[in-house]
Amino acid sequence: CHPYFNTEQFDWDGGDCCGATCTGPQCGLGGLSRPFGIAVKEPITILGYEFCEDPAMAPLTIELRDFEVLQDEEYNAVIGNEADAAFCSTSTINIRCNGKSYLHFPAHTLNNESECALSLSETIHVPFGSKCEILSSPACFGLFCLDHNVTVYYGSDTASAPIQSGNVKNQTKMSFGVPSKCLTKSLLRHSSSIFDISTHQGQAANALSNDGLSDFICHMHNDLFIERYALAVLNASIHFKSSNWDAYQCHGWGIPAVRTACSNWSITSLTLAIDAGNQIGTIPTELALLTNLDYLTLRLNSFTGTVPTELTTLPLLEGLEIWGNQLTGTIPRELGDLSSLSAVGLAFNELTGTIPTELGKLKNLTGIWFDDNLLTGPIPSELGALSLVSLNLSNNSLTGEIPLEILALTDLTTCTLQNNNLTGGIALDVCSV
């Protein structure tokens with residue numbers, strides 16, 4: 001890598017300055033003068049690309065810290081000779097992306113406790129859209145193999161977004177992905193887990209990086225790309241039975257497991273098809289990124305976990321159907337913030353707690369189906385301020401009197417309250433109790 005030619009004008013010295021573009025058997029050898037800030041006696045044993053400046057490459061910072069210190073008396077007892085002082089050692093570090101090495105650093109001994117207390121870091125550059133792995137081998141001295149932590153960050157310093165972390169004794173291999181440049185920039189605003197392919201966010205980012213369509217959408221219509229990411233996280237969370245994940249989200253994405261409706265190329269309705277099989281998993285909070293959604297139907301599955309409060313930030317949501325699952329926890333009070341909500345169905349779950357009084361703020365709400373849960377407490381009189389047409393709170397453990405405000409609702413055609421512990425006067429021509 002010649003410094004004079006290491007510019008965009010000369011294509012970064014014809015590609016010789018970066019690992020992704022350098023060709024030939026000598027690429028990267030001796031390419032780091034002070035790896036991790038350490039002066040080494042034989043730099044030719046180090047592989048790296050210190051002067052890579054190509055902005056098309058993704059910066060990754062590797063941090064080594066929390067070194068295990070070997071005291072001289074422990075060492076002498078096993079080895080049988082004199083050690084000058086306590087010491088520690090880095091492991092042998094090898095970083096590979098798409099099968100190519102971008103950093104190889106042999107184990108190096110740090111000769112005193114003050115050096116062992118340091119945090120060492122090195123920044124490398126790898127191609128966007130890579131699948132990478134860090135291979136580490138602890139340094140061993142007789143019976144002693146010394147440990148330390150390794151953390152990878154996306155960025156040029158340790159204040160950047162963390163990607164992966166582990167200690168070299170227990171995790172000799174760490175895998176992660178680096179999405180395309182546009183995907184990385186866009187998705188980091190929503191999650192720092194997009195690099196970790198063991199997470200649903202990382203699996204979604206990896207799938208989008210390789211579907212041949214998402215990168216184009218990311219550049220041309222970023223808001224639509226974020227919708228696509230939300231759908232990919234949903235797929236990664238519950239593993240739909242479908243083969244049509246590469247299609248555009250308004251043109252057959254997810255069929256037959258998912259059906260979408262769109263307006264102006266943006267998703268307005270998302271329904272899990274009942275005939276697509278029983279989906280298992282949790283409801284991802286990323287569905288709140290579908291900001292134009294007006295109807296969400298996830299009924300008759302086996303979703304566990306809670307009702308994500310993030311869904312209550314959807315400004316246009318009119319219908320929310322998540323009945324017939326295995327959801328636990330309470331009904332979010334934030335549902336009262338969904339000013340457009342007209343129907344909410346959370347029946348046949350395992351929800352506990354009370355019915356939020358905040359629902360009384362929803363002037364457009366005409367249908368409530370909370371039956372067959374584990375709800376307790378009274379029926380909020382605030383529901384009597386609504387224009388309810390259908391109310392089903394049966395098969396819970398509700399207590400107290402039926403509010404007169406509900407019995408006075410003029411539009412109420414279906415009111416089912418049986419199998420609770422309700423008391424007081426009952427208008428049987430209004431509610432079935």
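Residues are numbered from 1 along each chain as its sequence is written, and side-chain values use heavy atoms, with hydrogens and water left out. Because the model is predicted, local features need pLDDT of at least 70 and side-chain atom pairs count only at pLDDT 80 or more, while totals for chains, interfaces and linings use all residues.

**Stop 1: the sheet**

Select the open sheet of 8 strands. Its order is β13-β14-β16-β18-β19-β20-β22-β24, and the pairing is mixed. Strands here are DSSP runs (E, at least two residues), numbered from the N terminus. Two strands pair if DSSP finds at least two bridges between them. Color β13 (258-263) and β24 (414-416): these are the edge strands, each pairing on one side only. Neighbouring strands of this sheet are turned by 15° against each other on average, direction ignored. The axes behind that angle are lines fitted to C-alpha atoms.

**Stop 2: β19 and β20**

Zoom in on residues 343-345 and 367-369. These are β19 and β20, which run parallel and are joined by 3 bridges. Pick Gly345; its bridge partner in β20 is Trp369.

**Stop 3: Glu358 and Arg333**

Glu358 and Arg333 form a salt bridge at 3.2 Å, N to O. The term means a side-chain nitrogen of Lys or Arg within 4 Å of a carboxyl oxygen of Asp or Glu. Glu358 sits in the loop between β19 and β20, and Arg333 in the loop between β18 (319-321) and β19, 25 residues apart. Glu358 is partly exposed at 24% relative accessibility, and Arg333 is partly exposed at 43%. The classes are buried (under 20% relative accessible area), exposed (over 50%) and partly exposed in between, with a 1.4 Å probe and protein chains only.

**Stop 4: Lys169 and Glu68**

Next, select Lys169 and Glu68, whose side chains meet in a salt bridge (3.3 Å, N to O). Lys169 is in the loop between β11 (161-167) and β12 (173-178), and Glu68 in the loop between β1 (57-65) and α2 (72-79), so the pair ties together parts 101 residues apart in sequence. Lys169 is partly exposed at 39%; Glu68 is partly exposed at 31%.

**Stop 5: a salt-bridge network**

Finish with Glu63, Arg65 and Asp66, which are linked in a network of salt bridges. Between Arg65 and Glu63, the closest N and O atoms are 3.7 Å apart. Glu63 is buried at 4% relative accessibility, whereas Arg65 is partly exposed at 36%. A search of the whole structure finds 8 salt bridges.

Terms used: Helix = DSSP H or I, 4+ residues; strand = E, 2+ residues; numbered from the N terminus. Axes fitted to C-alpha atoms, helices over the stretch in contact; angles between N-to-C directions.
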